[in-house]
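Have the sequence and the model open while reading.

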Amino acid sequence: MRVLALAGMFWIWAGAGLAQTVVVRGGEHEDFTRLVFRLPDRLDYEIGRSEGEATITFDRDGLSWRTGTVFDLVPKTRLTDIAAEPGGDSVVLSLACDCEIDTFWYGRAYLVADIRNGRDDLGEQKDERGTDDDALEPIALPGPRAETAAQLVATALHDMQPAAVSAEPTNEQRQSAEALAESRDALVRQIGRAAAQGLVSPKIKSMPAPVPDRARPEEAVDPEPALPEEPARPNIHLRAETSIDRDMGAMLLSGLGPHAAKPCLDPSRLDVAAWGGEGRFHDLVGPLRARLVGEFDRPERSVVQALARAYIHFGFGAEAQQVLRELGRGDPPDPVLMDMATIVETGSAGEGAALAGQMECEPVTALWSALSYPALPAGEPFDADAILRGFSAIPPHLRAHLGPILARRLLDAGYEAESARVRRILSRKSETVSPEKELLEAEIALDKAGHEVDEAGSAAAEEEHEIAEAELKTIVSKNTELSAEALLRLIRNRLRRDADISYETAQLAGAYATEHRGQPLGAELAGAFLSALAASGAFDEAFAELPRAIEEAGVSADTARSDLVDLLTRHAEDYDFLRHVLSEQERPGALDAQTANAAAARLLALGFTSEAAGLVAGDAAGSHGRERKLLRAEIALRRGEPRLAEVELLGITGADANLLRAEARSMIGEHEAAQRLFSGVGEAHAARREAWLGSDWQALAEDEDPARSSLARLKLAEPGAEESATQGVLAGDRLLIDQSLDTRAAVQALLEATPVPRE
């Protein structure tokens, strides 16, 4: 009855849109009525009492209450009504008795309220049954608190321990004592939790005095030790749970979203270490295959599962999948075994796996659950210690295969320390140090080097790159299945660093690309082959191989062309650059925005204005779009179209844009505006030129060049016609002669200071 009542009581209605909705469910027991409030999170609350009512007030306004199904399983003998108060922060319980209300939290946000008959009600019930009115009522003791039960259990366990001896304990004795103490603490916590849930109560004769610590008699034990809320670290072979924990865990499956907790699977269903025994592969698989088909040529289901388990144990995931699919006599295959087979074959079980949501269970279950995800989901309950213990328990050959996958998955999810622990486990034995593990270590070293961005760390970063690349070269030289992938990582890292790549390395990449043709890795290697050829300086060969790589290896045409033109723009000589980049003009839109902009800028610098305009004709997004507009403005100026240049610069700010605007204004003849713009961007020489062209003698009088400043001052000192007339004819003529001589000298000085343009 208890389980059925719990099943009806904890049916949860969830959803992202009900984040502030409080769902209330009810269930009836023999001696109490239970209400469960599903809250957004744990909230502070108070219980107020009045005649025939109890009000539970939470420390949050605006809650939405769902109470429509409370009385589906409640007969209204204790609770007669439940109603939400205006404001949404409280709910009123109408009671048919002088009831007591006990509350406790379950899980993250479930408040449980038990409504029990009070002592007066119990007395009335006895009268109705005909009991003696004068019989003495037993004194009702308060329900035991979790701390009290834990105190009693701790005291009893403490008394059972032998007294400490003076001799120094050995390491084995110390480890045994630590394990025993941890087991005792876990047991104390769980019994205390059971007491808080009303499942156990101590038989109290007299409250024992606190027992002093035998090891340190001078210190007394706290009579009410504080019990931590979190469970002990699961590194002991002890697991305890109350019936409420077990049943509620099964009932809380519905409505908790994509990461809902699931009841833990039986570990025996995933105990891969027990599936292989001590025999060799053929000793185990051969007899199973011989017994696979029974009477009437029908496969035996038990043998099918045993054979699939054997394949999984030895690392044959595809064979296990085939056995489960084709020999299941039409029945759906065991989803757990199918997930395990898929993990062994591909490294994960995909979305919606049967093993998902089990990362807080027994170690072997937690391990396979973590491996089932393509990427560990954020917010999923996670027990790293259990996962690592489960990993240590699987056979060494599976550790060597699955260990790098697990370490990479933990690292990608941000669990760096846990990933390092997995790698240390792999390093303990030579049989688990696989090329996959070495490749992962090299990739981690490359990632660490890539994060060295400050100047002080540049030397350290370079050293990290060299160490990691040396490890990759070692993997390549071993000629294993991972040699091609290691070579791909090596080439990509050297391209990212703009480091040299030898022609021999490029040729090796080409050989691996041919070997893996038709596979995703083959296409990646073909692209790396082309880039490596270009980085080695073999541009002619790289562009000659480009069409074949696109047609036969499945390389992305746009990506490959962009990579080659990028390397061409940055490293090729002018002749090679022009010869190849101009041929790309026949393929408009084939280059990415950044590469097209860089190639156009180099073409413009070499004087190929029209060819540069063809590369930047279309629009681009973001910073590349801004750079492209600047290039088009510069092209317009080269073509003598200043108004078009100003149109391209509309809405663009910055010194580079103002410099182009200044040149456009100068071409139009607005020298004063051009002078201000040049001065604003720090181009003093260009500003003086515009002042000269605009006859701004006042500005030129302060020029640092003495030739210009002297000529400007002469222009400012020229007398007017009225001034010459007042001095008489001879004096005026003399003044003009002197002014002419000064002007001639100033012009002569200016000509001498100005270089003559070459013809």
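Angles under 35 degrees count as roughly parallel, over 145 as roughly antiparallel, 65 to 115 as roughly perpendicular and the rest as oblique. Axes are lines fitted to C-alpha atoms, for helices over the stretch in contact, and angles run from 0 to 180 degrees between N-to-C directions.

The model is predicted: local features need pLDDT of at least 70, side-chain atom pairs count only at pLDDT 80 or more, and totals for chains, interfaces and linings use all residues. Residues are numbered from 1 along each chain as its sequence is written, and side-chain values use heavy atoms, with hydrogens and water left out.

**Overview**

The chain holds 32 helices and 9 strands. Helices (H or I, at least four residues) and strands (E, at least two) are DSSP runs, numbered from the N terminus. Of the 759 residues, 39% are buried. Buried means under 20% relative accessible area, exposed over 50%, partly exposed in between (1.4 Å probe, protein chains only). Contact means heavy atoms within 4.5 Å. Among contacts between residues at least 6 apart in sequence, 57% join residues at least 24 apart.

| Helix pair | Residues | Angle | Axis distance |
|---|---|---|---|
| α9 and α10 | 335-346 and 363-372 | roughly 60° | within 10 Å |
| α11 and α12 | 384-393 and 396-412 | about 155° | 10 Å |

With axes crossing at roughly 60°, α9 and α10 are therefore oblique to each other. α9 passes α10 in a left-handed crossing. A crossing is left-handed if the near helix is turned anticlockwise from the far one by less than a right angle, and right-handed if clockwise. On the α9 side, Met340, Ile343 and Val344 make the contacts; on α10 they meet Trp368, Leu371 and Ser372.

α11 and α12 pack at about 155° and are therefore roughly antiparallel. Their crossing is left-handed. Ile387, Phe391 and Ser392 in α11 meet Arg399, Leu402, Gly403 and Leu406 in α12.

Two strands pair if DSSP finds at least two bridges between them. An open sheet of 4 strands runs in the order β3-β4-β7-β6, with antiparallel pairing. β3 (45-50) and β6 (79-84) are the edges; each has a single partner strand, so one side of each lacks a neighbour in the sheet. Neighbouring strands are turned by 20° against each other on average, direction ignored.

β3 and β4 (residues 53-58) run antiparallel and are joined by 6 bridges. Arginine 49 has alanine 54 in β4 as its bridge partner. Glycine 48 stands opposite threonine 55 in β4. The two strands form a hairpin with 2 residues between them, and glycine 52 in the turn has a positive phi of about 75°.

On its other pairing, β4 meets β7 (residues 90-95) in the antiparallel sense over 5 bridges. There, threonine 57 has serine 90 in β7 as its bridge partner.

In a regular strand the side chains alternate between the two faces of the sheet.

**The five-stranded sheet**

A sheet of 5 strands is also open, ordered β5-β1-β2-β9-β8, with mixed pairing. Here β5 (64-66) and β8 (100-106) stand at the edges with a single partner strand each, so one side of each has no neighbour in the sheet. The twist averages 20° from one strand to the next. β2 (residues 32-38) and β9 (residues 110-116) pair antiparallel over 7 bridges. Phenylalanine 32 stands opposite arginine 116 in β9.

**Helix α18**

α18 is mostly covered, with 12 of its 16 residues buried. Among them are Leu521, Gly522, Leu525, Phe529, Leu530 and Leu533. The cover over the buried residues includes α16 (483-496), α17 (503-515), α19 (539-552) and α20 (557-571). Just after α18, glycine 537 takes a positive phi of about 100°.
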